[in-house]
Amino acid sequence: MPRRSGGRQARRAERAAPLAEALKPVRPGHSGGQFQPLSAAGVEAVSDNAFRILDRVGFADATPHCIEACTAVGAVLGDDGRLRMPRSLVERTLQQARRNLVLHAQDTRWDLDLSGARVHFSTAGAAVMVADSENGSYRDSEAQDLYDMARIVDTCEHIHMFQRTCVLRDVPDNCAMDINTLYCAVTGTSKHVGSSWTLADHLEKSLRMLHLIAGGEAEWRARPFVSQSNCFVVPPMKFASDALECLRVAVQGGMPVLLLSAGQAGATTPAYLAGAVSQAWAECLGGLVYVNAIEPGAPAILGAWPFVSDLRTGAMSGGSPEQGLLSAACAQLGNHFDLPFGTACGMSDAKLPDFQAGAERAATVLSAALSGANIVYESAGMYASLLGTCPESLLLDNDILGAAGRVTRGIEVNSDTLSFAEIEQICTGGEGHYLGSPNTLQVMQSEYFYPDFSDRNSPNVWEEQGKPVLLDQAIARKREILANHVPRHVSDEIDSSVRAEFPIFLSRAAMGR
């Protein structure tokens, strides 16, 4: 009697259907914290050292508003012009600081819960060039590149937010560049966006754009879908005046801020890793004092991003193992303080997508994720020690981030997953293998991660398929996305209002609208 295939085909169709969010093997916000490069005593020592730096060293070059706001809550301006922050002030700030922060997106499905040690992945960077892997060369980055990368990220399941990746070198005016950077990002993806501003008045104008897109200022303040990446400090321990003013405007305008300290070990932070972590956290806590002096409980992400120098040459080495260690240790302090925390890992020193790039990205990203960093910035698409960004790499890196998310999720242990009854049945009265087991079929998608690009075929199948190259496949997929994926979450009516008020560089035709 011939076998009926209807049941098998139905099961195949069921397995091929999109999984419900709760059943996916990798989801945004798996909890890290398993990797702890610092001992408990080490965490206390670094924490105490950060408090000591704030109390005894303090900051140079505070702005008048920063001095006024911080001294009003207990900071001390010394005769040497340095603004010092006693431990009691910092501890009081820690008590009032915002926790359990949610970064909103234009699409609520992409809201990010930054409570505890929940882990998410983001782009970031200020590359001045695009790594063109199709031609094996570098060229200046442009507005079209940023918009296109936002569109690519909009399709990447494991890149959870989009922080600007490159500088618009075809927009020479700084104010227009800041406005167009924001515009390209928020129209290219419905995920949460991070951006930066050169001057405070540029941000004030940009907030008007965000009010238009959100439907009003009240709607924006209820769900701010853009955060400010703010390098408010020039390590070691010196404030940046223009950035401080941008910080003030962001806090007053309801925009979450990433308090970013980006020193370089051996150059602008101590070469000892523990010293680099101490200074980075001192600088970030100082920024937190200012934020809460402006508005207690204002949304802020602590961004301790100490980078690594190759001490033989002085060049930045973002792909080094020490980068992963530094970022993981900083994340461990973030968990210790129970503050929203972000760090940078995943940038490669390679020039194009190759073995070096994949190895460096996977190693450093996994360190940061397993340590429980709430956001791992610069985790996709960044090359040449942040000088270059590569659009098609975003697609390959999405696979790496998915794998890192799966490792971060770990292994669930309970009476069902221990599988004793199944083992007993298969071994004592069954077929002697688990290939057709209902449990195997049930968890093949919910327990296991399958990359989009990595080739798991046998050599024979690989040859039969023409020996496909991953990078070529990513380039083809990039072209497909850019030809067909045109986000419409910002309506044509709102876009027209934005264009009527702001100097938008890209035409609608260039955006595919």
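Buried means under 20% relative accessible area, exposed over 50%, and partly exposed in between (1.4 Å probe, protein chains only). The model is predicted, so local features need pLDDT of at least 70 and side-chain atom pairs count only at pLDDT 80 or more, while totals for chains, interfaces and linings use all residues. Residues are numbered from 1 along each chain as its sequence is written, and side-chain values use heavy atoms, with hydrogens and water left out.

**Exercise 1.** State whether Trp281 and Phe337 are buried or exposed, and classify their ring pair.

Solution.
- Step 1: Both Trp281 and Phe337 are buried.
- Step 2: Rings of Phe, Tyr and Trp (its six-membered ring) pair if their centres lie within 6.5 Å; planes under 30 degrees apart count as stacked, over 60 as edge-to-face and the rest as tilted.
- Step 3: The centres of Trp281 and Phe337 are 5.2 Å apart with 45 degrees between the planes, and the pair is tilted.
- Step 4: Trp281 belongs to helix 10 (residues 273-294) and Phe337 to helix 11 (residues 321-337), so the pair ties together parts 56 residues apart in sequence. Helices are DSSP runs of H or I, at least four residues, and strands are runs of E, at least two, numbered from the N terminus.

**Exercise 2.** Classify the pair formed by Trp305 and Phe307.

Solution.
- Step 1: The ring centres of Trp305 and Phe307 are 6.4 Å apart and the planes stand at 75 degrees, so this pair is edge-to-face.
- Step 2: Trp305 has a relative accessible area of 3%, so Trp305 is buried.
- Step 3: Phe307, at 7% relative accessibility, also counts as buried.
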